[in-house]
Amino acid sequence: MSSEERKSVIHRKAASAREDFDARAMSPSKALRLSLEKCGDRLFQLALTVGTLEQRRLTHAAVKEEVGVDTLILLLDGQGGARGAALLDLQFAQSLVEVQTMGRVRPGAAPDRPLTGTDAAIAAPLVDAMLKGFDDKLAEAEAGHRPLGFRFGDRVGDARGLLLALEAADYELFRLTVDIGGGARTGILSLILPAEVLARPEPGSGEAGEGAAFDLGQLAMQMPVTLDAVLDRVQLSLAEVCALKPGMTLPVGTSAIGRTELVASGHVAAQGRLGQMNGMRAVRLSGAGEEAAPPRATPEPALAATPPDPDPAPGFPDLSGLAASEPPTLTALPDLPDLPATGGGLPDLPDLPGEGGEDGGGLPDLPALADLK
């Protein structure tokens, strides 16, 4: 058995296995094959039959090996700035030109010639329709499918230009060997799409279905957070802050070790004690954050106590025992005793000494009231 016959047998077995698999589910390979065959018949009335379809993963550098000398390179633009490529060999591109100009495909291999921008313009409608049908069939099979949205963007002259235009790290290659015009010619069409675009599901879909709830709280709990251990807070003037240099020390009390705070974005998340573990600094949690922990008491200035009057006035309450921060309570004053009448009940004053007395002199006599008139 010749090598060509062995390849033919392998291709037939591969095609049979592929048909059995495609009959059970709508795979990307099946969607692409059905879309190409239907678009060729609808747009150009051209019979396109996919004989074999190969799908495999490519790296960015390996894309260059898929570009032949006589290959028409079409750059594809997708959603979100994604880029892919469609590669048509000379046989496939010449068949599209012939069916557009002459209405049919001539049997036999196409003659060698350079591929131009006119070939790209003729092939663009077929490529766009094939990619749209590819999206539609995948959307019918998967409720959460996100349309790829690829379409013809521009023609690229060589493999180097294609590598510069593509940016993804990995790609999915679909290589289709197509029978054109009922056996008149055989051509190859290759589709190169970013692997991450094909594997990305629709947001909110997945195992739970299209209407799955989006748990924002669970996503927020998975976000990374930076914790800072704050020993103490020191108040400095602007001049002192500007004068800080490497090697300078700041006074921190020893009690700050036992009340270390874990701070995240200005929020006190927990309290702990500074220590070490395995030769590294560590913090042992000892309390909750600022919501659950009581606020730190701010020391108030002591009030100077005034000694009480040793002999308070009779009839008034003693206010010396009241706290300085509490307002005194006023009580009703007791009734005062009646004063004695004028001229009675008072003791007699002693006589003043006269002149020449023991005190060295006396007061002069007051003139009589009659003399003042």
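Phe92, Leu96, Val97 and Gln100 in α3 meet Asp119, Ile122, Ala123 and Leu126 in α4 (contact: heavy atoms within 4.5 Å; helices: DSSP runs of H or I, at least four residues, and strands: runs of E, at least two, numbered from the N terminus). By class, this contact of α3 with α4 has six nonpolar, one polar and one charged residues (Ala, Val, Leu, Ile, Met, Phe, Trp, Tyr, Cys and Pro count as nonpolar, Asp, Glu, Lys and Arg as charged, the others, Gly among them, as polar). The model is predicted; local features need pLDDT of at least 70, side-chain atom pairs count only at pLDDT 80 or more, and totals for chains, interfaces and linings use all residues. Residues are numbered from 1 along each chain as its sequence is written, and side-chain values use heavy atoms, without hydrogens and water.

The axes of α3 and α4 lie 10 Å apart, at an angle of about 85 degrees (lines fitted to C-alpha atoms, for helices over the stretch in contact; angles run from 0 to 180 degrees between N-to-C directions). The two helices are therefore roughly perpendicular (65 to 115 degrees).

Six strands form an open, antiparallel sheet, ordered β1-β5-β6-β3-β2-β4 (pairing: at least two DSSP bridges between two strands). β1 and β4 (151-156) stand at the edges, each with a single partner strand. The twist averages 25 degrees from one strand to the next. β5 and β6 pair over ten bridges. α3 lies across β1, β2, β3, β5 and β6, at about 110 degrees to β6. α4 touches β1, β2, β3, β4 and β6.

Conventions:
Angles under 35 degrees count as roughly parallel, over 145 as roughly antiparallel, 65 to 115 as roughly perpendicular and the rest as oblique.
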